[in-house]
Amino acid sequence: MTTVSDHSLQKKSQHGFAPLAIARIKGAQRANQIAIYLIYAAILAFVVFGTIASIKAFHDNQLLYQLFYNLPYALVALTIPITIYDALVIYRYRLNQASMIAMSIGVSTIILIGGLLFADTAWLGLSCWLGVAFLFKVSFKRFFNFLEVEKDTEIAEEA
């Protein structure tokens, strides 16, 4: 079994975070950025297809109506597995309080399932998932800002 000295481990890790952990967090941040792009695409699809469908010449076009009505739902629904993965990474590395993660995921899930079961609609529940991706974006940004500030302080102390 190979052993590595504590000194070499300390040089490779950043403030107690192993390089593999930082790489996993960066991967989750990239996945979260994809979720945010999907949210922007959903908003854009809603506006564009809604505007086109409201033109008198296209009132009877079922394809435009289905794109206006279902495409934004589908795009936001695609973000749900991504944000759940992000939540697991954020929870695993304690980048945010566990209660904040549980509340954001829990409330969004309850409202989505409740809306589907009792109100026969998903719009309110899916709108909650919009906020989850942006909350996680802030968590990732705050973590990497912390690493940069600590790195700058260490460089200043060494000089």
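H2 and H3 run roughly antiparallel to each other, because angles over 145 degrees count as such and theirs is about 165 degrees. This is a predicted model. H2 spans residues 19–54 and H3 spans residues 62–92. Their axes lie 8 Å apart. The crossing of H2 and H3 is left-handed. By residue class, the contact of H2 with H3 holds 25 nonpolar, three polar and two charged residues.

Next comes the core. The largest nonpolar core has 33 residues. Ile25 and Trp129 touch the most other members of this core. H2, H3, H4 (98–119) and H5 (123–158) are the elements that each give two or more residues to the core. H2 supplies the largest share, 10 residues.

The table leaves out residues up to four places away in sequence.

| Residue | Residues touched |
|---|---|
| Trp129 | Ile39, Val76, Ile80, Thr83, Ile84, Ile105, Ser108, Thr109, Leu112 |
| Ser108 | Met103, Gly125, Cys128, Trp129, Val132 |

Trp129 and Ser108 touch each other. Ser108 lies in helix H4. Is Ser108 buried or exposed? Its relative accessibility is 3%, and buried means under 20%, so Ser108 counts as buried. Among the other residues that Trp129 touches are Thr83 and Thr109. Cys128 and Val132 are among those that Ser108 touches.

Key
Residues numbered from 1 in each chain as written. Predicted model: local features only at pLDDT ≥ 70, side-chain atom pairs only at ≥ 80, totals over all residues. Heavy atoms only, no water. Axes fitted to C-alpha atoms, helices over the stretch in contact; angles between N-to-C directions. Helix = DSSP H or I, 4+ residues; strand = E, 2+ residues; numbered from the N terminus. Parallel < 35°, antiparallel > 145°, perpendicular 65-115°, else oblique. Left-handed = near helix turned anticlockwise from the far one by under 90°. Nonpolar A, V, L, I, M, F, W, Y, C, P; charged D, E, K, R; others polar. Core = buried A, V, L, I, M, F, W, Y, C linked by side-chain atoms within 4.5 Å. Buried < 20%, exposed > 50% of the residue type's maximum accessible area, 1.4 Å probe, protein only. Contact = heavy atoms within 4.5 Å.
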